Amino acid sequence: DAGVIQSPRHEVTEMGQEVTLRCKPISGHNSLFWYRQTMMRGLELLIYFNNNVPIDDSGMPEDRFSAKMPNASFSTLKIQPSEPRDSAVYFCASSLMADLKSPLHFGNGTRLTVT
Amino acid sequence: GQQLNQSPQSMFIQEGEDVSMNCTSSSIFNTWLWYKQDPGEGPVLLIALYKAGELTSNGRLTAQFGITRKDSFLNISASIPSDVGIYFCAGQLTSQGGSEKLVFGKGTKLTVNP
(Lines give C-alpha, C1' and ligand atoms only; values in the text may rest on other atoms or scores of the structure.)
Protein backbone atom coordinates (compact mmCIF):
# COMPACT_ATOMS: atom_id res chain seq x y z
CA ASP A 1 0.00 0.00 0.00
CA ALA A 2 1.44 3.36 -1.03
CA GLY A 3 -0.06 5.22 1.90
CA VAL A 4 -1.38 8.77 1.77
CA ILE A 5 0.53 10.73 -0.85
CA GLN A 6 0.94 14.48 -0.62
CA SER A 7 2.54 16.92 -3.00
CA PRO A 8 4.58 18.96 -3.07
CA ARG A 9 6.75 18.08 -0.05
CA HIS A 10 7.99 21.64 0.17
CA GLU A 11 6.53 24.87 -1.14
CA VAL A 12 8.09 28.31 -0.87
CA THR A 13 6.06 31.19 -2.18
CA GLU A 14 5.69 34.91 -1.85
CA MET A 15 2.92 36.60 0.03
CA GLY A 16 -0.12 37.10 -2.15
CA GLN A 17 0.48 34.10 -4.37
CA GLU A 18 -1.94 31.22 -4.71
CA VAL A 19 -0.87 27.91 -3.20
CA THR A 20 -2.39 24.51 -3.98
CA LEU A 21 -1.63 21.46 -1.90
CA ARG A 22 -2.56 18.02 -3.17
CA CYS A 23 -3.48 14.74 -1.55
CA LYS A 24 -4.16 11.21 -2.70
CA PRO A 25 -5.76 9.14 0.09
CA ILE A 26 -5.27 5.44 0.60
CA SER A 27 -7.32 3.48 -1.91
CA GLY A 28 -10.62 2.40 -0.37
CA HIS A 29 -10.60 5.00 2.37
CA ASN A 30 -13.66 7.25 2.28
CA SER A 31 -12.78 9.83 4.92
CA LEU A 32 -10.18 12.50 4.25
CA PHE A 33 -8.83 15.09 6.63
CA TRP A 34 -6.66 18.19 6.24
CA TYR A 35 -4.57 19.23 9.25
CA ARG A 36 -2.19 22.11 9.84
CA GLN A 37 0.76 21.80 12.23
CA THR A 38 2.62 24.70 13.82
CA MET A 39 4.85 24.95 16.86
CA MET A 40 2.43 27.26 18.60
CA ARG A 41 -0.86 25.52 17.92
CA GLY A 42 0.11 21.91 17.29
CA LEU A 43 -2.08 19.83 14.99
CA GLU A 44 -5.29 21.58 14.00
CA LEU A 45 -8.06 20.05 11.92
CA LEU A 46 -8.97 22.32 9.03
CA ILE A 47 -11.64 20.31 7.22
CA TYR A 48 -12.74 16.74 6.67
CA PHE A 49 -14.70 14.91 4.01
CA ASN A 50 -16.79 11.75 4.10
CA ASN A 51 -17.48 10.16 0.72
CA ASN A 52 -16.13 13.29 -1.01
CA VAL A 53 -18.58 15.56 0.83
CA PRO A 54 -17.25 18.23 3.22
CA ILE A 55 -18.60 17.45 6.68
CA ASP A 56 -16.93 19.95 8.96
CA ASP A 57 -14.97 22.97 7.75
CA SER A 58 -15.13 24.89 11.01
CA GLY A 59 -11.37 24.72 11.32
CA MET A 60 -10.70 26.55 8.07
CA PRO A 61 -9.07 29.80 9.15
CA GLU A 62 -10.82 32.16 6.77
CA ASP A 63 -12.14 32.60 3.27
CA ARG A 64 -8.65 32.53 1.84
CA PHE A 65 -8.66 28.78 2.45
CA SER A 66 -10.70 26.37 0.37
CA ALA A 67 -10.69 22.59 -0.05
CA LYS A 68 -12.18 20.30 -2.66
CA MET A 69 -12.52 16.59 -3.15
CA PRO A 70 -13.69 16.04 -6.73
CA ASN A 71 -13.37 12.25 -6.44
CA ALA A 72 -12.47 9.54 -3.99
CA SER A 73 -8.79 9.56 -4.90
CA PHE A 74 -7.90 13.24 -4.89
CA SER A 75 -8.24 16.34 -2.76
CA THR A 76 -6.79 19.84 -2.85
CA LEU A 77 -6.31 22.55 -0.27
CA LYS A 78 -5.94 26.01 -1.76
CA ILE A 79 -4.81 29.22 -0.15
CA GLN A 80 -5.45 32.42 -2.07
CA PRO A 81 -3.91 34.85 -1.38
CA SER A 82 -1.24 33.34 0.86
CA GLU A 83 0.15 35.21 3.88
CA PRO A 84 3.31 34.65 5.98
CA ARG A 85 1.18 33.43 8.91
CA ASP A 86 0.05 30.53 6.73
CA SER A 87 3.55 29.06 6.98
CA ALA A 88 3.16 25.60 8.52
CA VAL A 89 3.23 21.91 7.70
CA TYR A 90 -0.04 20.77 6.16
CA PHE A 91 -1.00 17.13 6.55
CA CYS A 92 -3.58 15.09 4.75
CA ALA A 93 -4.93 11.93 6.41
CA SER A 94 -7.45 9.28 5.43
CA SER A 95 -9.44 6.53 7.10
CA LEU A 96 -12.27 4.10 6.44
CA MET A 97 -15.41 5.72 7.79
CA ALA A 98 -17.47 2.57 8.10
CA ASP A 99 -14.93 0.93 10.39
CA LEU A 100 -15.08 2.59 13.79
CA LYS A 101 -11.68 1.14 14.53
CA SER A 102 -10.06 2.47 11.38
CA PRO A 103 -7.27 4.76 12.46
CA LEU A 104 -6.12 7.87 10.63
CA HIS A 105 -3.23 7.35 8.25
CA PHE A 106 -1.21 10.51 7.65
CA GLY A 107 0.79 11.59 4.66
CA ASN A 108 4.27 13.02 5.09
CA GLY A 109 3.00 16.57 4.83
CA THR A 110 3.69 19.67 2.77
CA ARG A 111 5.96 22.23 4.41
CA LEU A 112 4.72 25.64 3.28
CA THR A 113 6.80 28.76 3.66
CA VAL A 114 5.27 32.09 2.70
CA THR A 115 7.74 34.96 2.55
CA GLY B 1 -14.27 23.27 22.29
CA GLN B 2 -12.64 20.02 23.25
CA GLN B 3 -9.04 20.31 24.39
CA LEU B 4 -6.42 17.82 25.44
CA ASN B 5 -3.72 18.63 27.96
CA GLN B 6 -0.65 16.55 27.26
CA SER B 7 2.33 16.39 29.59
CA PRO B 8 5.18 16.70 29.82
CA GLN B 9 5.95 18.95 26.86
CA SER B 10 9.43 17.48 26.56
CA MET B 11 11.59 14.82 28.13
CA PHE B 12 15.32 14.20 28.10
CA ILE B 13 16.25 10.70 29.23
CA GLN B 14 19.10 8.20 29.12
CA GLU B 15 18.90 5.12 26.97
CA GLY B 16 17.39 2.27 28.95
CA GLU B 17 15.16 4.43 31.12
CA ASP B 18 11.39 4.10 31.21
CA VAL B 19 9.18 6.94 29.99
CA SER B 20 5.68 7.96 30.96
CA MET B 21 3.46 10.62 29.43
CA ASN B 22 -0.22 11.38 29.77
CA CYS B 23 -3.18 13.26 28.45
CA THR B 24 -6.21 14.64 30.23
CA SER B 25 -9.36 16.22 28.96
CA SER B 26 -12.38 18.02 30.30
CA SER B 27 -14.46 16.08 27.78
CA ILE B 28 -15.26 12.40 27.53
CA PHE B 29 -13.89 10.46 24.58
CA ASN B 30 -14.73 6.93 23.52
CA THR B 31 -11.47 6.36 21.69
CA TRP B 32 -7.94 7.31 22.69
CA LEU B 33 -5.05 7.06 20.29
CA TRP B 34 -1.31 7.53 20.61
CA TYR B 35 0.76 8.62 17.62
CA LYS B 36 4.49 9.14 17.07
CA GLN B 37 5.93 11.65 14.66
CA ASP B 38 9.47 11.42 13.33
CA PRO B 39 11.13 14.51 11.81
CA GLY B 40 9.87 15.26 8.31
CA GLU B 41 7.13 12.68 8.47
CA GLY B 42 3.49 12.46 9.41
CA PRO B 43 2.24 10.98 12.69
CA VAL B 44 2.07 7.20 12.79
CA LEU B 45 -0.38 5.31 14.97
CA LEU B 46 1.21 3.41 17.87
CA ILE B 47 -1.71 2.24 19.99
CA ALA B 48 -5.49 2.58 19.85
CA LEU B 49 -7.75 2.22 22.90
CA TYR B 50 -11.51 1.70 22.54
CA LYS B 51 -12.81 0.83 26.02
CA ALA B 52 -12.62 2.60 29.36
CA GLY B 53 -10.07 0.85 31.54
CA GLU B 54 -8.45 -0.90 28.58
CA LEU B 55 -4.74 -1.59 28.93
CA THR B 56 -2.94 -2.37 25.68
CA SER B 57 0.66 -3.18 24.88
CA ASN B 58 2.62 -2.97 21.66
CA GLY B 59 6.14 -4.23 22.26
CA ARG B 60 7.80 -1.89 24.75
CA LEU B 61 4.81 0.46 24.65
CA THR B 62 1.88 0.25 27.03
CA ALA B 63 -1.13 2.55 27.03
CA GLN B 64 -4.26 2.76 29.15
CA PHE B 65 -7.67 4.29 28.61
CA GLY B 66 -8.74 5.92 31.86
CA ILE B 67 -11.84 4.75 33.67
CA THR B 68 -13.37 8.21 33.53
CA ARG B 69 -12.79 8.29 29.75
CA LYS B 70 -11.11 11.66 30.23
CA ASP B 71 -7.50 10.56 30.35
CA SER B 72 -4.90 8.19 28.98
CA PHE B 73 -1.24 7.43 29.55
CA LEU B 74 1.55 5.98 27.45
CA ASN B 75 4.56 4.21 28.90
CA ILE B 76 7.72 3.26 27.05
CA SER B 77 9.98 0.76 28.76
CA ALA B 78 13.74 0.42 28.28
CA SER B 79 14.00 3.36 25.87
CA ILE B 80 16.31 3.19 22.86
CA PRO B 81 17.65 5.97 20.62
CA SER B 82 15.06 5.32 17.90
CA ASP B 83 12.29 6.22 20.35
CA VAL B 84 13.24 9.85 19.76
CA GLY B 85 10.36 11.84 18.31
CA ILE B 86 7.17 13.64 19.21
CA TYR B 87 4.39 11.62 20.77
CA PHE B 88 0.81 12.80 20.41
CA CYS B 89 -2.31 11.68 22.18
CA ALA B 90 -5.61 12.04 20.38
CA GLY B 91 -9.18 11.69 21.52
CA GLN B 92 -12.11 10.81 19.35
CA LEU B 93 -15.81 10.89 20.01
CA THR B 94 -17.28 8.58 17.41
CA SER B 95 -20.93 8.92 16.58
CA GLN B 96 -23.21 6.56 14.73
CA GLY B 97 -22.18 8.19 11.50
CA GLY B 98 -18.70 6.73 11.65
CA SER B 99 -15.38 8.46 11.92
CA GLU B 100 -15.31 11.85 13.53
CA LYS B 101 -12.53 14.30 13.90
CA LEU B 102 -9.69 13.66 16.30
CA VAL B 103 -8.61 16.19 18.89
CA PHE B 104 -4.84 16.14 19.34
CA GLY B 105 -2.68 17.01 22.30
CA LYS B 106 0.25 19.40 21.78
CA GLY B 107 2.74 16.55 21.90
CA THR B 108 5.59 15.32 24.07
CA LYS B 109 9.03 15.70 22.52
CA LEU B 110 11.24 12.82 23.61
CA THR B 111 15.03 12.93 23.46
CA VAL B 112 17.00 9.81 24.31
CA ASN B 113 20.69 10.16 25.09
CA PRO B 114 22.75 7.08 24.18
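Tutor: Start with a definition: contact means heavy atoms within 4.5 Å. The model is a predicted one.

Student: How many residues of chain A are in contact with chain B?
Tutor: By that cut-off, 24 residues of chain A are in contact with 19 residues of chain B.

Student: What makes an area the way to state the size of an interface?
Tutor: The size is often given as the accessible area lost when the parts come together. Here chain A and chain B bury about 1700 Å² between them, and 56% of that lies on carbon and sulfur atoms.

Student: How many salt bridges are there between chain A and chain B?
Tutor: A salt bridge needs a side-chain nitrogen of Lys or Arg within 4 Å of a carboxyl oxygen of Asp or Glu. Between chain A and chain B the count is zero. Four residue pairs are in polar contact there, both residues at pLDDT 80 or more.

Student: Which elements of chain A give two or more residues to the side that touches chain B?
Tutor: They are β4 (31–38), β5 (42–50) and β9 (88–95) of chain A. The largest share, five residues, comes from β5(A). The residues of this side divide into 12 nonpolar, eight polar and four charged.

Student: What is the secondary structure of chain A?
Tutor: Chain A has zero helices and 11 strands.

Student: Why is chain A called as compact as a globular protein of its length?
Tutor: Its radius of gyration is 13 Å, close to the 13 Å that the globule rule gives for 115 residues, so the description holds.

Notes:
Residues are numbered from 1 along each chain as its sequence is written. Chains are lettered from A and ligands numbered from 1 in the order in which they are written. This is a predicted model: local features need pLDDT of at least 70, side-chain atom pairs count only at pLDDT 80 or more; totals for chains, interfaces and linings use all residues. Side-chain values use heavy atoms; hydrogens and water are left out. Buried area is the accessible area (1.4 Å probe) that two parts lose on being put together, summed over both. A polar contact is a pair of N or O atoms within 3.5 Å; within protein, one must be able to donate a hydrogen and the other to accept it, and residues adjacent in sequence count only if both atoms are side-chain atoms. Helices (H or I, at least four residues) and strands (E, at least two) are DSSP runs, numbered from the N terminus. Ala, Val, Leu, Ile, Met, Phe, Trp, Tyr, Cys and Pro count as nonpolar, Asp, Glu, Lys and Arg as charged, and the others, Gly among them, as polar. The radius of gyration is taken over C-alpha atoms; the globule rule is 2.2 Å times the number of residues to the power 0.38.
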